[in-house]
Amino acid sequence: MTERSAKAGIGASITGWGKCMPPSVLSNHDLEQLVDTTDEWITTRTGIKERRISHVEVSDLAKVASLHALAAAGRAPGDLDLIILATCTGDSIIPSTAAVLQAKLQAWNAAAFDLNAACSGFIYSLVVATNMIKAGTHRTVLVVGAEKLHYHLDFTDRSTCVLFGDGAGAVLVEATDQPIGVLASEIGMDGSAAEILWTPRDGTAGDRDFPRPTECGIRMDGPEVFRRAVTTMGDASVRVIKAAGLELEDVDLLIPHQANVRIIDATARRLGLDPGKVFINIASYGNTSAATIPVALAEAVEEGRVQPGDDIVFAAFGAGLSWGAAVLRWGDRVEPVSVSEAALPPPDRTTMEMLQPNIDFFGQGAGQRP
Ligand code: UT7
């Protein structure tokens, strides 16, 4: 259901932004060595040129992105009263990766939980954060999207392994008495079609004595996901723009989920948006699921693409099948209060060495799929 959230009283604005992209690059040309693909196919069908492969865990990526977001807001970890970590590739099942992040940040005053809505996870989390602040129970909420998708990629399946990458983005959401932040939003789910994008038996539905490579890893009916993503992201965006009381021409910037540049272009066309108002960075990172939007937002602010008072539309679609859209009015500050020096330790392995366990595991399953 589309929700209009511009009630009088407390609002929730984004005051800090940050990202952490691991340094190891996997290019389309590298993938040509692993599967039957070409740089030309990947570039023209997806817009992706390269993606990042993480040598650290999701909580480490999330920590660095969070420290940048906190510095940009002029806040310390002790100021946080809630952490929401959107991820579908957490460090472990128990504890939540948000708990690990809380400890790594030493954010001892913060409650923390993971939220899994796959590629829509950041929008879901932003909506939850906004509504908890508006309810008056929390005031300073860290919202993070962080993923290590390469762990779940079958490098014998060319239809999925070229699409995804690792990374993290974070925002700080704070209570405000200004009419800014999320003006309207919509989150939705169609669980009946879950099997067109899933990891079939990676959880308790699997067989722990006989993990079958063909049943683990990300499996996707790409063309079907593509069709649904274009209509759903476009239609949900139109509904939230209307619910916010805006016209399409009022939109200053669209920051869509980065899954395929052709999905982004089709969504923008459906909205009738000038391509200059669409933020696209998929060429550098591929699809980083819940991380795409907060990473893109951090880059948009850094590149001067966000101005005080701008109305920004977020839209996403992904596994579940989940979707989300939101209109966010930016505040008056586009410069960080301060800058963090936080960074990852350097990788101790080459990119190909990091992929070898996947290649070995999934290589056993080649040709076995029914
Ligand atoms: O975050 C949300 C989740 N993901 C998405 O939103 C992704 C949505 N889907 C897509 O982005 C696109 O459907 C893909 C990029 C996955 C695939 O593009 P497509 O244009 O829909 O291609 P297709 O699946 O219809 O495949 C066309 C051809 C096939 O060959 P034949 O059967 O026509 O001979 C595929 O086998 O392209 C082939 N193909 C490839 N060729 C070279 C598929 N993957 C590759 C590849 N390299 N990596």
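This report looks at the ligand and its surroundings, then at aromatic pairs. The model is a predicted one.

**The ligand site**

The ligand sits in the second largest pocket. Its shell counts 24 residues, and Thr37, Arg45, His257, Asn260 and Asn287 come nearest. Helix 7 (222-243) is one of the elements that supply at least two shell residues. Helix 7 gives the largest share, four residues. Others on that list include helix 2 (39-46), helix 8 (261-271) and strand 13.

| Residue | Ligand atom | Distance |
|---|---|---|
| Thr37 | nitrogen | 2.6 Å |
| Asn287 | oxygen | 2.8 Å |
| Trp41 | oxygen | 3.3 Å |

How much of the ligand's accessible area does the protein cover? On its own, the ligand has 940 Å² of accessible area, and the protein covers 72% of that.

**Aromatic pairs**

The structure holds three aromatic pairs. One of them joins Phe122 and Phe314: the ring centres are 6.2 Å apart and the planes stand at 90°, so the pair is edge-to-face. Phe122 belongs to helix 5 (residues 121-135), and Phe314 to strand 13 (residues 311-318). The pair therefore ties together parts that are 192 residues apart in sequence.

Another pair is Phe361 with Phe362. Here the centres are 5.0 Å apart and the planes are at 75°, so this pair is edge-to-face. Phe361 is partly exposed, at 26% relative accessibility. Phe362 is buried, at 4%.

Terms used: Residues are numbered from 1 along each chain as its sequence is written. This is a predicted model: local features need pLDDT of at least 70, side-chain atom pairs count only at pLDDT 80 or more; totals for chains, interfaces and linings use all residues. Side-chain values use heavy atoms; hydrogens and water are left out. Rings of Phe, Tyr and Trp (its six-membered ring) pair if their centres lie within 6.5 Å; planes under 30 degrees apart count as stacked, over 60 as edge-to-face and the rest as tilted. Buried means under 20% relative accessible area, exposed over 50%, partly exposed in between (1.4 Å probe, protein chains only). A residue is near a molecule or strand if one of its heavy atoms lies within 4 Å of it. A polar contact is a pair of N or O atoms within 3.5 Å; within protein, one must be able to donate a hydrogen and the other to accept it, and residues adjacent in sequence count only if both atoms are side-chain atoms. Accessible areas come from the Shrake-Rupley method with a 1.4 Å probe; for residues, only the protein chains shown count as cover. On a 1 Å grid over the protein atoms alone, a cavity is a set of points where a 1.4 Å probe fits but cannot get out, and a pocket is an open set with protein on both sides within 12 Å along at least five of seven lines; lining residues have an atom within 4 Å of a point. A molecule sits in a cavity or pocket if more than half of its atoms lie within 2 Å of its grid points.
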